Amino acid sequence: MLYYLFEYFDKTLDWPGTGVFQYITFRSALAFMLSLLLSTIYGKRIINFLRNQQVGETVRELGLAGQNEKAGTPTMGGLIIIFATLVPVLLFARLHNIYIVLLIVTTLWMGTIGFVDDYIKIFKKDKQGLKGIFKVIGQVGLGIIVGAVLYFNPAVTVRTDTGRADIFKVNASTAVVLPAPAEEKSTATTIPFVKNNEFDYAEVLAFLGDGYEKWAWLVFIPVVIFIITAVSNGANLTDGIDGLAAGTSAISVLALGIFTFVSGNIIFSNYLNIMYIPNSGEMTVFISAFVGALIGFLWYNSYPASVFMGDTGSLTIGGIIAVLAIAVRKEILIVLFCGIFLAESASVIIQVAYFKYTKRRFGEGRRIFLMSPLHHHYQKKGYHESKIVTRFWIVAIMLAILSIITLKLR
């Protein structure tokens, strides 16, 4: 909202200095600072409100050290993340930008699913929460919306030939920008570590013959649904010990922020010879607010936690990361910068599959891990949870850096 106000001051009233709001970097910095302040200052008030409403965590007996001490700790702390993210975005972002609209819808949509799940667990005394089928329906519904908008909306375009040498022509005294290559609708994405690394989902349907491109949505939308469902569930599984999900998510989103900024800037995308995505740079404002909210949340969620994010936070975090990755055409890189989510999800899948297989084969179920998800395995081995979290953060940083260097390592 402030963006439009200062745009009026600049273009209509010509007030000096008000044009600085046109810069994404300036608004991103403001969004980060405001979200950090909101999550740390008002976070305490939200925690006190949750405590007064007796919104406490019910801890299942898993035989983990320090587990019983967490009983009664306020949950639904994801409300802090949502609040501290959306307020700066509404103030500083261009709200007519299609990517910002999608991210706001994602935040509210997944936040609502998580809130209902937490509400049922706490107030209905049902430890299972929202039935899995309804969670999946919600995730699929969001996937259909995001996929359809990204595919059909005319404002979502890409420009893949930014490396053309004649985009910018510099003379001795002047720099002339020549006509830019045409923007086009495309379902192209980026394959890491590969030269000429664009892959178009439409090519899967090439066997249909001429005109196959118009059916690309049959591939693209299911892919979007799968990614949103997988990443949001991965974030949900990672939220098991103090500070783990918030910290690793902040690191992953920072990497996404770099991809978003360079992909939305014609100069940087030309220099790096990567796909240029018009209007996507505005997502940097949302990312800055989101990172600030996650870091501020860690003020209260680091060990020993004063609040848990609950499904309200974890499902929202996963949904946002998935949509950001898809929008900036880096969804294949999710296996890198969301490697912690992948490891946590894989540990559960492997554990369950091996248990069922050995039960059929030998008559009794056997386990590979002492407990899944993976962080509980290390707890069972005697590691303190703060050490586990710190080491997972270090791994997340390494994976994020590896993801970033794919911009040049091809």
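Helix axes are lines fitted to C-alpha atoms over the stretch in contact, and angles run from 0 to 180 degrees between N-to-C directions. The model is predicted, so local features need pLDDT of at least 70 and side-chain atom pairs count only at pLDDT 80 or more, while totals for chains, interfaces and linings use all residues. Residues are numbered from 1 along each chain as its sequence is written, and side-chain values use heavy atoms, with hydrogens and water left out.

Helix 3 (residues 78–92) and helix 10 (residues 310–327) pack with their axes 6 Å apart, at an angle of about 50 degrees; helices are DSSP runs of H or I, at least four residues, numbered from the N terminus. The two helices are therefore oblique to each other, as angles under 35 degrees count as roughly parallel, over 145 as roughly antiparallel, 65 to 115 as roughly perpendicular and the rest as oblique. Gly78, Leu79, Ile81 and Ile82 of helix 3 meet Thr312, Gly313, Thr316 and Ile317 of helix 10, contact meaning heavy atoms within 4.5 Å.

Threonine 229 lies in helix 6 (residues 217–238). Threonine 229 counts as buried because its relative accessibility is 16%, where buried means under 20% relative accessible area, exposed over 50% and partly exposed in between (1.4 Å probe, protein chains only). Apart from neighbours within four places in sequence, threonine 229 is in contact with Gln139 and Val140.
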